[in-house]
Amino acid sequence: NMMVEKLTLNGKTVAIIEGKEKVLTDTQSALDLIMAAKYEAGTNLLAIDKEAIVEDFFILRCGLAGEVLQKFVNYQVKIAVFGDFSQYTSKPLRDFFYESNKGKDIFFVSTKEKAVEQLVEVG
């Protein structure tokens with residue numbers, strides 16, 4: 001079972017999922033994460049370690065990122081993915097990160113701290 005850590009900053013709670021175990025692998029697991037955030041942590045703010053996300057997510061032509069992120073948007077859960085993204089050199093993926101970070105729902109940042117700050121700011 002995945003470990004959901006809770007962190008409260010400025011009165012807002014962020015659910016944090018860390019670790020090497022891949023817990024975000026498809027749309028069903030995305031729904032599981034959404035429910036864990038909402039019901040276990042009582043929040044609509046979720047920070048997740050990129051190590052916990054299946055690699056296909058970062059291959060845009062697979063279409064997984066779009067499907068998964070649509071679920072988060074539908075359920076109004078904001079998500080920040082944190083980790084080292086330097087190995088990703090694909091321009092479409094970099095553009096996707098950049099565009100996401102300009103919005104209010106999905107973020108790709110380097111550290112857990114930044115993920116929490118970003119979510120609390122938009123939450």
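Which side chain meets that of Glu 18 in a salt bridge? In this predicted model, the partner is Lys 112, with N and O 2.9 Å apart. Glu 18 belongs to the loop between E2 and H1, whereas Lys 112 belongs to helix H4 (residues 112-122), so the pair ties together parts of the chain that are 94 residues apart in sequence. Glu 18 counts as partly exposed, because its relative accessibility is 39%.

This pair is one of six salt bridges found in a search of the whole structure. Side chains of opposite charge can pair when their charged atoms come close. Another such pair is Asp 105 and Lys 78, whose closest N and O atoms are 3.3 Å apart. Here too, distant parts of the chain are linked: Asp 105 sits in the loop between helix H3 (91-102) and strand E5 (106-109), Lys 78 sits in strand E4, and 27 residues separate them. Asp 105 is partly exposed, with a relative accessible area of 33%. Lys 78, by contrast, has a relative accessible area of 15%, and a value under 20% means that a residue is buried. The residues that Lys 78 touches, leaving aside those up to four places away in sequence, include Asn 44, Leu 45, Leu 46, Leu 119 and Val 122.

A further salt bridge joins Lys 91 to Asp 95, with the closest N and O atoms 2.9 Å apart. An α-helix has 3.6 residues a turn, so residues three or four places apart point the same way. Lys 91 is exposed, at a relative accessible area of 57%, while Asp 95 is partly exposed, at 34%. Elsewhere, salt bridges that share partners join Glu 5, Glu 18 and Lys 112 into one network.

Attention may now turn to helix H1. This helix comprises 14 residues (27-40); at 1.5 Å a residue it should span 20 Å, and its end C-alpha atoms are 19 Å apart, which agrees. After the helix comes Gly 42, whose phi is positive, near 65°.

One set of H1 residues is buried: Ser 29, Ala 30, Leu 31, Leu 33, Ile 34, Ala 36 and Ala 37. Their cover includes strands E1 (4-9), E2 (12-17) and E3 (45-49), together with helix H2 (64-74). Met 35 also has its place in H1, but it counts as partly exposed, because its relative accessibility is 32%. On the surface, Met 35, Tyr 39 and Tyr 75 form a nonpolar patch, with about 330 Å² of accessible area together.

Two loop residues complete the tour. Asn 10, in the loop between E1 and E2, has a phi near 50°, a positive value in a residue other than glycine. Asn 10 is exposed, with a relative accessible area of 69%. Gln 76 lies in the loop between H2 and strand E4 (78-82). The phi of Gln 76 is likewise positive, at about 55°, although this residue is not a glycine. Gln 76 is exposed, with a relative accessible area of 60%.

Technical notes:
Residues numbered from 1 in each chain as written. Predicted model: local features only at pLDDT ≥ 70, side-chain atom pairs only at ≥ 80, totals over all residues. Heavy atoms only, no water. Helix = DSSP H or I, 4+ residues; strand = E, 2+ residues; numbered from the N terminus. Expected span 1.5 Å × (residues − 1). Buried < 20%, exposed > 50% of the residue type's maximum accessible area, 1.4 Å probe, protein only. Contact = heavy atoms within 4.5 Å. Patch = residues over 30% accessible without salt bridge, like charges linked within 9 Å, V, L, I, M, F, W, Y side chains within 5 Å. Areas by Shrake-Rupley, 256 points an atom, 1.4 Å probe, with all protein chains shown as cover. Salt bridge = Lys/Arg side-chain N within 4 Å of Asp/Glu carboxyl O.
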